[in-house]
Amino acid sequence: MDAQTSFTLYAQRRARLAAQLTPGGIAIVPTAPEQQRNRDSDFLFRHDSYFYYLTGFTEPNAWLVLTAEGEATLFCNPKDAEREIWDGIRLGPAAAPDALGVQAAFPVTELDQRLPKLLENRSVVWYPFATHKGLDGRINGWLEPVRARVRYGALCPEQQRDLCGPLDEMRLIKDAHEQAVMRRAAQISARAHIRAMQRSAAMLRAGQDVREYHLDAELLHEFRQHGSQYPAYGSIVAAGANACVLHYRADAAPIRDGELVLIDAGCELDGYASDITRTFPANGKFTGPQRTLYDLVLASQDAAVAATKPGNRFTDPHEATVAVLAQGLLDVGLLDKNKVGSAQDVIANRSYFPFYMHRTGHWLGMDVHDCGSYVEPSEVGTVNERKDPLSGEVIKDRPSRILRPGMALTIEPGLYVRPGEGVPEQFWNIGIRIEDDAIVTESGCELITRDVPVKADEIEALMRG
């Protein structure tokens, strides 16, 4: 994206947000804080997503203040020749208006001095609730001197409102630029998965010791090789029984001939995440039981993909997945129909839960679990109560979000079979998840992560190469 396009894009977003701030409103958005890792070492800095969405600015220690009239003020690190020797060149307040399109910019060292004046005579203060520790306290501190001036005719804001609401709605629909970046991130991640699959089979064929960290290294290499700034989340590389641990992290476990490997990994590119899971035979050839369960999970994903289309609800892909898995679990003998009944009974009683215990997807975007309500805003007042058949808890259900073009979400069914009484031994310790990223289109959805194969035959062919 060239500088002028970038300039216009973020200015348009600020203008759209400003129009929603109500008359007299003012919004305050900080970026993320720097975090110390240990002595003299910080974690790699990653900007706050809301802040970046409105500014495109990636330096730490910065704040955006936006009024309902569209006036944007940036507070950022001042130029400092000594610190720039150590930490890199800073944009600085003098250059910020021309570079970022804000109307004014000041050193962040003047934040506490200038904020009370900016808040004075405003009616509503907007900021993201429960996202920045201590932010509400700082805002109350800035309001104290404003209240002290009411005897002189100053007006103090009477309301504080959550900025996450309007920003989440804006971010939920991805524009053309966002979709293009997400497609590129998906392509990089797909290549990384292919690289890891092929490395696994090649090392085993060569008689080498293969560990989870070997495949994790392949992922990281491919991410950075193609310009990704970092992984979008901690990569899961789970060999054998480890795949039955949902949030397992790549470690040192051996990858054994005849076992499956589950990799859940995606890169972040220019602020946008990708999220892919593939499960493959370590040696490149599925066993019979592995293939049986793999094909079942893939069939359930096919059903979920078909249900991901405009006008459907966010929950429809999950329900389509569960319908296929419920019947499949009965067919392969993981569930006994004499004990649990029909597929409809399996669904109603959640008998599938020991083998499939998570939802089929989540929003995807700047954050891997991206923001956005899962409830349809126009129907938020409609509530149905039901009793969970497993926990007995009374759950309040509201109508699920209606899918619309431009929404991005994952589609990720799975099966996780731990040893247990009544569980056929041939399926023990098999964990399978298949995950793709989807953008809702006018007629259905576009799977942007299919550069890495998903069908069992295609995975085997790839790993022979």
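What share of the contacts in the protein with a separation of 6 or more is accounted for by residues 24 or more positions apart? In this predicted model, such residues account for 70% of those contacts. The secondary structure of the protein comprises 14 helices and 21 strands. With a radius of gyration of 25 Å, close to the 23 Å that the globule rule gives for 465 residues, the protein is as compact as a globular protein of that length. The C-alpha trace extends over about 80 × 55 × 40 Å along its principal axes, and buried residues, those under 20% relative accessible area, make up 51% of the 465 residues.

Helix 10, formed by residues 288-307, and helix 11, formed by residues 316-332, have axes that come within 7 Å and cross at roughly 155°. Because angles over 145 degrees count as roughly antiparallel, helix 10 is described as roughly antiparallel to helix 11. The crossing of helix 10 past helix 11 is right-handed. On the side of helix 10, the contact is made by Thr292, Leu293, Leu296, Val297, Ala299, Ser300, Ala303, Ala304 and Ala307, while helix 11 contributes Asp316, Pro317, Ala320, Thr321, Val324, Leu325, Gly328, Leu329 and Val332. By residue class, the contact of helix 10 with helix 11 consists of 13 nonpolar residues, four polar residues and one charged residue.

Terms used:
Residues numbered from 1 in each chain as written. Predicted model: local features only at pLDDT ≥ 70, side-chain atom pairs only at ≥ 80, totals over all residues. Heavy atoms only, no water. Axes fitted to C-alpha atoms, helices over the stretch in contact; angles between N-to-C directions. Helix = DSSP H or I, 4+ residues; strand = E, 2+ residues; numbered from the N terminus. Parallel < 35°, antiparallel > 145°, perpendicular 65-115°, else oblique. Left-handed = near helix turned anticlockwise from the far one by under 90°. Contact = heavy atoms within 4.5 Å. Nonpolar A, V, L, I, M, F, W, Y, C, P; charged D, E, K, R; others polar. Rg over C-alpha atoms; globule rule 2.2 N^0.38 Å. Buried < 20%, exposed > 50% of the residue type's maximum accessible area, 1.4 Å probe, protein only.
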